[in-house]
Amino acid sequence: MQRILEEAKKISEEITGWRRHLHEIPELGLETPKTAAYIVQELKKMGAEDIREHIGGWGVSALVKGEKPGKTLGIRADCDALPIKEETGLPFASKNGLMHACGHDAHAAMALGAAKLLLASKAELAGTVKFIFQPAEENVQGAKAMIDDGVMENPHVDALIGLHTGCLWKEIGPGEIGVRFGSMMAAVDRFVVTFKGKGGHGATPHLAVDPVTMTATAVLELQTILSRELSPLDSAVLTIGRIEGGRAFNIIAENCVIEGTVRTLNPTTRAFVEERIRTVASRVAEGMRGDAEVAYEAGPPALINNADFTRKFQAFATGLAGAEKVKEIGEPTMGGEDVAYFLEMVPGTFFVHGGCNPEKGQVYPHHNPKFDLDEETFPLGTALFAGFALTWQN
Ligand code: NI
């Protein structure tokens, strides 16, 4: 497998070129027409097959069909940027007021590199590789939009891999690979509770029903779902980020609204917390002569890496880069990643590619206006994608 890394290094200038071009034209959310057009142009140039555009908006897919029979592996690369004004001073810095400050430009470039290598290795490739270039990871809408538009079918994707580059996990240094078994990132849900009372004069509370009191009680009571009802060894977050009600010091409000997020690492806990938020909010309101209306919006599920598949990837990565470069990630984060929608459907793994090199001044965190990556680490990402596609069915 060292060979594939050597081949990736041979096309490093091209990978860097793709990344730099994408870096100059960052786009937001689901609206990534220039990014999609450029990726399609480059896929056509290299001879990728069955290139499909406009999947769930500006999503793109393309195939590399091996000459040996086999299953289909999905390789997912997100490619959207952020509303940040770049301050890196790089010659290829964005000038449009948006910025690839999370490294998704590199994800797309590394995947393009893998497509190029696999197109040259079709005789050895078993089955098919479907490249999935996904917009709107940052607002977690892109994966679902592409899935709803059929990206996982024709041909059916049997398993999927994806990566995140950069320094999101401090323990994964430049040129290192982070793998994680099981839950890696959280389900990201949003809820809104409207406490409904009966408005009145601040001097006559007995003639009104006070939604502010209900809200104050519920804000504290909701935390007991985590502290008193979940196993202390299970992880969950419930944050109320917005609270709004009332207009004047001497008026009892009609309504009071809270809005928050729930983060969980497994589907059972997720369903439990949702059910308990509904019950606790309603009971608190009823206990105080009011009502609560609960809206619960499920975002991406928890990102759960399939254990057998991850073991296979870990063994492959160790063979490619050496055992000292492959590290197991100790703890999941309560942040979210919409690659989880894909990994909920099929086995697969999402891994970390160490892409920031402090020795080159890349010390700024993701989503910072000075965020930058070490381009010398890109061939490794390309080789991980391409090499795994060549060997995962062995
Ligand atoms: Ni990101």
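These exercises work through backbone geometry, a metal site, a side-chain contact, nonpolar cores and cysteines.

The model is predicted: local features need pLDDT of at least 70, side-chain atom pairs count only at pLDDT 80 or more, and totals for chains, interfaces and linings use all residues. Residues are numbered from 1 along each chain as its sequence is written, and side-chain values use heavy atoms, with hydrogens and water left out.

**Exercise 1. Backbone geometry**

Solution: 
- Start from the general rule. Most residues other than glycine have a negative phi, and most peptide bonds are trans.
- Pro155 sits in the loop between helix H5 (142–148) and strand S5 (159–166). Helices (H or I, at least four residues) and strands (E, at least two) are DSSP runs, numbered from the N terminus.
- Check phi. Ala136 is not a glycine, yet its phi is positive, about 55 degrees. Ala136 belongs to the loop between strand S4 (126–134) and H5.
- Arg289, also not a glycine, has a positive phi of about 70 degrees. Arg289 is in the loop between helix H7 (267–287) and strand S13 (291–298).
- Apply the accessibility cut-offs: buried is under 20% relative accessible area, exposed is over 50%, and partly exposed is in between (1.4 Å probe, protein chains only).

**Exercise 2. The nickel site**

Task: Which atoms coordinate the nickel ion?

Solution: 
- Set the cut-off. Donors are N, O and S atoms within 2.8 Å of the metal (3.2 Å for Na, K and Ca); water is not among the atoms, so sites may look incomplete.
- Read off the donors. Cys102 (SG), His104 (NE2) and His164 (NE2) coordinate the nickel ion, at 2.1 to 2.3 Å.
- Write the spacing. In sequence the donor residues follow C-x1-H-x59-H.
- Cys102 and His104 are buried.

**Exercise 3. Glu375**

Task: Which side chain does a polar contact join to that of Glu375?

Solution: 
- Locate Glu375. It is in the loop between strand S16 (348–354) and helix H10 (378–391).
- Judge burial. Glu375 counts as buried because its relative accessibility is 17%.
- List the contacts (heavy atoms within 4.5 Å). Leaving aside neighbours within four places in sequence, Glu375 touches Thr16, Arg19, Arg20 and Phe92.
- Pick the partner. A polar contact of 2.7 Å links the side chains of Glu375 and Arg20. The term covers a pair of N or O atoms within 3.5 Å; within protein, one must be able to donate a hydrogen and the other to accept it, and residues adjacent in sequence count only if both atoms are side-chain atoms.

**Exercise 4. Nonpolar cores**

Task: Which residues of the largest nonpolar core touch the most other members?

Solution: 
- Define the set: buried Ala, Val, Leu, Ile, Met, Phe, Trp, Tyr and Cys residues joined through side-chain atoms within 4.5 Å.
- Of 69 residues, Phe131, Phe133 and Ile177 touch the most others.
- Find the main contributor. Helix H4 (residues 104–119) gives the most to this core, with 11 residues.

**Exercise 5. Cysteines**

Task: How many disulfides does the count give?

Solution: 
- Use the cut-off: a pair of cysteine sulfur atoms within 2.5 Å.
- Conclude. The count is zero disulfides.
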